[in-house]
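Please look over this model before we discuss it. My notes are below, point by point.

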Amino acid sequence: MGLQQDLMTALKAAMKGKDQTALTALRAVKSAILLAKTESGAQEELSEEQELKILQKQVKQRKDSAAIFLEQGREDLAKPELAEAEVIAQFLPEAMSEEDIAKVVEEAIAKTGAEGMKDMGKVMGIVSAQLTGKADGKTISTIVKSKLA
């Protein structure tokens, strides 16, 4: 319940401060959490891991949108997306450095006995589970590929 309380507090502060960027971003996260709660088969409360996945997804969506806008030369549309991503990222735990991620990947490779790209799925499964909310899947994937190549 901690994350949802923090979100509501930040949402109220954004309303009082008339911060439209933060307001838009926080409302989107709140909406995503409510949707996840009301899905068929969902529990009453979301686990912390589920909440982190929702936050990561929201940040990733905005960064992807901004990248597309920048490719098309629409910096005016990319700026608000990046600003919203920053607002949402405040609620995520601090991201791990690539060196720390590499150590976890090496441990997973040793544990599974992975020898090549054919074992990437096994390694990704273990590492992704360990680093939920702490590292981006794309970064993990890149490091796993480099270690298994």
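The notes run from the overall fold to single residues.

1. **Basis.** This is a predicted model, in which local features need pLDDT of at least 70, side-chain atom pairs count only at pLDDT 80 or more, and totals for chains, interfaces and linings use all residues. Residues are numbered from 1 along each chain as its sequence is written, and side-chain values use heavy atoms, with hydrogens and water left out.

2. **Fold.** The protein has 7 helices and 0 strands. Helices (H or I, at least four residues) and strands (E, at least two) are DSSP runs, numbered from the N terminus. Along the sequence the pattern reads α-α-α-α-α-α-α. The C-alpha trace spans about 55 × 45 × 30 Å along its principal axes.

3. Of the 149 residues, 35% are buried. Buried means under 20% relative accessible area, exposed over 50%, and partly exposed in between (1.4 Å probe, protein chains only). Contact means heavy atoms within 4.5 Å. Among contacts with a separation of 6 or more, 58% are between residues 24 or more positions apart.

4. **Helix H3.** Does the length of H3 agree or disagree with its residue count? It agrees: at 1.5 Å a residue, the 24 residues should span 34 Å, and the end C-alpha atoms are 35 Å apart. The expected span is 1.5 Å times one less than the number of residues. The buried residues of H3 are Glu51, Leu52, Ile54, Leu55, Gln58, Val59, Arg62 and Ala66. Their cover includes helix H1 (2-17), H2 and H4. Just after H3, Gly73 takes a positive phi of about 75 degrees.

5. **Glu84.** This residue lies in helix H4. Glu84 counts as buried because its relative accessible area is 11%. Leaving aside neighbours within four places in sequence, Glu84 is in contact with Thr21, Thr24, Ala25 and Arg62. Arg62 is also one of the buried residues of H3.

6. **Salt bridges.** How many salt bridges does the structure hold? There are 4. A salt bridge is a side-chain nitrogen of Lys or Arg within 4 Å of a carboxyl oxygen of Asp or Glu.

7. **Lys60 and Asp64.** Their side chains meet in a salt bridge at 2.9 Å, N to O. Both residues lie in helix H3, 4 residues apart, about one turn of the helix. An α-helix has 3.6 residues a turn, so residues three or four places apart point the same way. Lys60 is partly exposed, at 44% relative accessibility. Asp64 is partly exposed too, at 37%.

8. **Glu75 and Lys79.** This pair forms a salt bridge at 3.9 Å, N to O. Glu75 and Lys79 both lie in helix H4 (residues 75-89), 4 residues apart, about one turn of the helix. Glu75 is partly exposed, with a relative accessible area of 48%. Lys79 counts as exposed because its relative accessible area is 54%.

9. **Arg74 and Asp76.** The closest N and O atoms of this salt bridge are 3.0 Å apart. Arg74 is partly exposed, at 36% relative accessibility.

10. **Largest pocket.** The largest pocket has a volume of about 640 Å³. Of its 25 lining residues, the closest to the centre are Gln56, Lys60, Ala135, Asp136 and Gly137. Helix H3 (48-71), helix H5 (98-112) and helix H7 (137-148) are the elements that give two or more residues to the lining. On a 1 Å grid over the protein atoms alone, a pocket is an open set of points where a 1.4 Å probe fits, with protein on both sides within 12 Å along at least five of seven lines; lining residues have an atom within 4 Å of a point. Grid points are joined across faces, edges and corners, and a volume is the space filled by probe spheres set on the points.

11. **Lining make-up.** The largest share of the lining, 7 residues, comes from H3. By class, the lining has 10 nonpolar, 6 polar and 9 charged residues. Ala, Val, Leu, Ile, Met, Phe, Trp, Tyr, Cys and Pro count as nonpolar, Asp, Glu, Lys and Arg as charged, and the others, Gly among them, as polar.

12. **Lys30.** This residue is found in helix H2 (residues 20-38). Is Lys30 buried, exposed or partly exposed? Lys30 is partly exposed, because its relative accessible area is 33%. Leaving aside neighbours within four places in sequence, Lys30 is in contact with Met8 and Leu11.
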